[in-house]
Structure formats: structure tokens, C-alpha cells
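Please consult the sequence and the model shown here while reading.

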Amino acid sequence: MGSNRRYPDRADERADEIRLEQAKLGAPVGLTTAEIRRTGPRAEAREPIPITASVRYRVIYEEPRTVEGEAVAWTRGAVLVKYHDPTTRHDQFVWVYANAVVRRTNREQARLPHGSAQRT
């Protein structure tokens with residue numbers, strides 16, 4: 001008896017395509033726990049503060065992306081950023097160094113859609 005390999009091969013090809021697409025989307029890369037501890041004691045925001053941050057994403061390589069989000073906690077040298085990732089359609093939380101964050105003004109907030117991410 002012969003076997004029809006067309007369908008199993010196609011399923012394998014589709015799985016490979018899905019893995020490749022997920023790899024292209026990338027994942028945010030935050031600071032390690034040790035890096036955060038070295039930046040000082042943590043403080044919590046009473047209300048989230050609108051910010052723009054540069055977040056590293058690991059695709060096949062690392063690439064920085066500029067995101068609009070909120071600072072929800074910080075230390076002397078790091079900030080916990082919450083932002084909506086349109087590629088995954090979920091909120092992301094990532095620690096970044098403080099110098100990667102800029103507070104947004106009210107004028108910028110009105111101009112930009114909430115939680116939008118931009119590649120740089």
C-alpha cells in the first residue's frame with residue numbers, strides 16, 4: 001500500500017510558516033532582575049504616566065522599537081513600561097533603562113492613538 005504524503009508534508013510546511021511568522025513579530029526584551037536591582041529601590045505610580053519608550057525586540061536579531069505607553073513603576077535607573085503591542089494584541093510589561101523613556105506632553109497624547117507602537 002502506498003501512502004499519501006501530501007497532507008502531512010503540507011501540515012509540516014504550515015507549522016514552519018507559523019513559526020517563521022512568530023519569529024518575525026519578535027518578543028520584547030526587558031532588563032534582567034539583577035539589572036533592575038542595581039538601579040535602586042522601586043517606586044509605584046499613583047496613576048500611570050504617559051511616556052514614549054525605546055523597547056528592544058528580539059526577532060532573529062534585536063531591534064529597538066519606539067512605543068507609546070505608561071510608566072507604572074520605576075527605580076532610580078529603570079522604568080516598568082506598560083504598552084499595547086498591536087502585533088500580539090496584548091498589553092506588554094517590560095523594564096527598560098530610564099534613559100530609554102521620555103515623558104509625553106498633553107499635546108503629543110492628543111495626537112497619538114493610545115498604545116500605538118512604531119518601529120524605528
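## Strands, cores and charged pairs

β2 and β3 form a hairpin in which three residues lie between the two strands. Strands here are DSSP runs of E of at least two residues, numbered from the N terminus, and two strands pair if DSSP finds at least two bridges between them. The model is predicted: local features need pLDDT of at least 70, side-chain atom pairs count only at pLDDT 80 or more, and totals for chains, interfaces and linings use all residues. Residues are numbered from 1 along each chain as its sequence is written, and side-chain values use heavy atoms, with hydrogens and water left out.

The pairing of β2 with β3 is antiparallel and runs over 12 bridges; Glu-44 stands opposite Ala-73 of β3. A hairpin is also formed by β3 and β4, again with three residues between them. These two strands pair in the antiparallel sense over four bridges, and Trp-74 has Val-79 in β4 as its bridge partner. Because 10 of its 13 residues are buried, β3 is largely enclosed by the rest of the structure. Buried means under 20% relative accessible area, exposed over 50%, and partly exposed in between, with a 1.4 Å probe and protein chains only.

A nonpolar core is a set of buried Ala, Val, Leu, Ile, Met, Phe, Trp, Tyr and Cys residues joined through side-chain atoms within 4.5 Å. The largest has 13 residues, of which Ile-51, Ala-53, Val-55, Val-81, Tyr-83 and Val-101 touch the most other members. At least two residues of this core come from each of β2 (43–58), β3 (62–74), β4 (78–85) and β5 (90–97). The largest share, five residues, is supplied by β2. A second, separate core has seven residues, among them Leu-31, Ile-36, Val-72 and Leu-80.

The structure holds three salt bridges, each a side-chain nitrogen of Lys or Arg within 4 Å of a carboxyl oxygen of Asp or Glu.

| Salt bridge | Closest N to O |
|---|---|
| Glu-63 and Arg-65 | 2.8 Å |
| Lys-82 and Asp-91 | 4.0 Å |

Glu-44 counts as exposed at 51% relative accessibility. Glu-63, at 12%, counts as buried, and Arg-65 is buried with a relative accessible area of 5%. Lys-82 is partly exposed at 26%, and Asp-91 is partly exposed at 43%.

Arg-65 also lies over the face of Tyr-57, at 4.0 Å from the ring centre; the rule requires CZ of Arg or NZ of Lys within 6 Å of that centre and within 35 degrees of the ring normal.
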